[in-house]
Amino acid sequence: MPYICLGKGRQSLAARRTRTQRRRSLQHPRVHIPHPFVEQRRSDSSLVGEVPVESALADLCPPSQLVHGQSSHALVGEQLCRRVEDATPIPLSVGAQRLFWSRYGKKGSSESGLRSGMLAHIRTIVRIGIRTKAPRADIDIDFEEATMTFIKVEQHGGPEAYVRVDNEELVPAEGQILVELSVSGVNFLDVVQRRKALPTPFRAGVEGVGTVVSTGDGVTGFEVGSRVGWMAGGQGSFSQFALVQADKAVPLPDDIDDETAVAALMQGITAHYLTTDTHPVTSGDVVLIHAAAGGLGQLLTQVAVFKGATVIGTTSSAEKAEIARANGASHVFGYEDFAEKTLEVTDGIGASVIYDGVGATTFDDDLKAVRTRGTIVVVGNASGPVDPVDVNTLNTSGSLFLTRPTVADHVRTADEIRGRTDEIFAWIRSGDLKVSIGARYPIAEVADAFTALESRATTGKIVLEH
């Protein structure tokens, strides 16, 4: 936990540190704020030395004093208040005003919002050394020990390519928000990037959920302390903090928790556009979904079922087959003979649409399992990329439609992203859509998480905990 040092300079405090305290300081840097009112309470030992951030703010600036009214609390010292547009007085100390008020004292700020913003910002200052835009004449912050951690790919390769890196400062540019992450999502897009899609080195991770701690110029619609999620525009999400393009971020409603949100972003949005845009699934369709027990497969199955389709799933084990059935699949087959069995249960007609996230090992049989004028949607390559296709094959196989869409082309504007997530969250609230967390890993075990993903041994969404 970060610490504030009250009423004592760093030198005098450092002189009294024990060896254990010095070791602890490597993980818990201190902030020294020489408040003018500390002199009035110098005899109160509870305010001299080191106290947790939350305790210090609760004592110095009780919630009842944060937003309005004149304060008689001895800690205020003198009447030093700044006013917002509606002229509501804010009784904070000089140091607290300078540090927080220029960012958090906005018209309409709630008591809880202001307090959470103050706490979030001071944690950020302690941990990664963000320079506040407010005046800092009375603020002395030791940045020498303030660090952050993120995961980086320095060379293309397998999961072992993920390396931990410390000591990098992030400051939001125009149009960006800085987010402290709680969870991030593990996706096959990360695998594609790590293998060769992005030039190295790069910060790893595309999807995350967290709390806004700072905003860049020109950002509207996001308050410090608010929860947000993203699956694009936030490259570097395997980190304590990430910079996210504000127009790619989604405000999260209170009734959607962080894990549900991160499971509903990349895979939820993918399931949404695949069933509403790529092939609008309707009642009476027969939908074949490969890897039906995976994170995307489970969501696709549920969406297709409540849209009225009959779902055929493929899985690699009996355990996964049970998961597919639990999500609504009417038939579940193995990969060896899915084409023949699909034709069997559809009276020789075939599937209206096939969503194929496996790729190389299933594609040839997809051509046999799909109906005349049906659609094959390649959505991934867990077994490797599909070989180049002779377009004449589509003709001889029944005038087929073949597409290889990407989620990036379906979230091009803020309105499009939020339109999709609004509908996904509504599905979750109604009970039509249930997300499944297949595994949780600490962020330090990111390589193990991807080893599990790429082995195709997992079910549901894999989440990294920060």
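Author: The discussion below takes up the nonpolar cores, the aromatic rings, the salt bridges and the strands in turn. This is a predicted model, in which local features need pLDDT of at least 70 and side-chain atom pairs count only at pLDDT 80 or more, while totals for chains, interfaces and linings use all residues. Residues are numbered from 1 along each chain as its sequence is written, and side-chain values use heavy atoms, with hydrogens and water left out.

Reader: What makes a set of residues a nonpolar core, and how many residues does the largest one have?

Author: The term denotes buried Ala, Val, Leu, Ile, Met, Phe, Trp, Tyr and Cys residues joined through side-chain atoms within 4.5 Å. Buried means under 20% relative accessible area, exposed means over 50%, and partly exposed lies in between (1.4 Å probe, protein chains only). The largest such core has 43 residues, and Val287 and Tyr355 have the most contacts inside it. At least two core residues come from each of α7 (258-264), α8 (266-278), β15 (286-289), α9 (295-306), α10 (318-326), β18 (351-356) and α14 (414-430). These helices (H or I, at least four residues) and strands (E, at least two) are DSSP runs, numbered from the N terminus.

Reader: Which residues does Val287 touch?

Author: With contact taken as heavy atoms within 4.5 Å, and residues up to four places away in sequence not counted, Val287 touches Val281, Ala304, Ala309, Thr310, Val311, Ile312, Val353 and Tyr355. A second, separate core has 18 residues, including Tyr162, Phe450, Leu453 and Ile462.

Reader: Why is the pair of Tyr162 and Phe238 called edge-to-face?

Author: Rings of Phe, Tyr and Trp (its six-membered ring) pair if their centres lie within 6.5 Å; planes under 30 degrees apart count as stacked, over 60 as edge-to-face and the rest as tilted. By this rule there are four aromatic pairs. Tyr162 and Phe238 have a centre distance of 6.3 Å and an angle of 70 degrees between the planes, so the pair is edge-to-face. Tyr162 belongs to strand β8 (residues 162-166), whereas Phe238 is in the loop between β12 (227-230) and β13 (241-245), 76 residues apart. Both Tyr162 and Phe238 are buried, and together with Phe450 they form one aromatic cluster.

Reader: Why does the contact between Lys368 and Asp365 count as a salt bridge?

Author: A salt bridge requires a side-chain nitrogen of Lys or Arg within 4 Å of a carboxyl oxygen of Asp or Glu. Lys368 and Asp365 meet at 3.3 Å, N to O, and therefore qualify. They are three residues apart in helix α12 (residues 363-369), about one helical turn. Lys368 is partly exposed at 49% relative accessible area, whereas Asp365 is buried at 18%. The structure holds 12 salt bridges.

Reader: What makes Arg420 buried, and with which residue does Arg420 form a salt bridge?

Author: Arg420 has 5% relative accessibility and so counts as buried. The partner of Arg420 is Glu416, with the closest N and O atoms 3.2 Å apart; both lie in helix α14, four residues apart, about one turn of the helix. Glu416 is partly exposed at 26%. Another salt bridge joins Lys341 and Asp337 at 3.5 Å, N to O. Arg194, Arg195 and Glu454 are linked in a network of salt bridges.

Reader: Why are β8 and β10 said to stand at the edges of their sheet?

Author: Two strands pair if DSSP finds at least two bridges between them. Three strands form an open sheet in the order β8-β7-β10, with antiparallel pairing. β8 and β10 (202-203) each have a single partner strand, so one side of each is left without a neighbour in the sheet. Strand β7 (residues 149-153) pairs with β10 over two bridges, and Val153 stands opposite Phe202 in β10.
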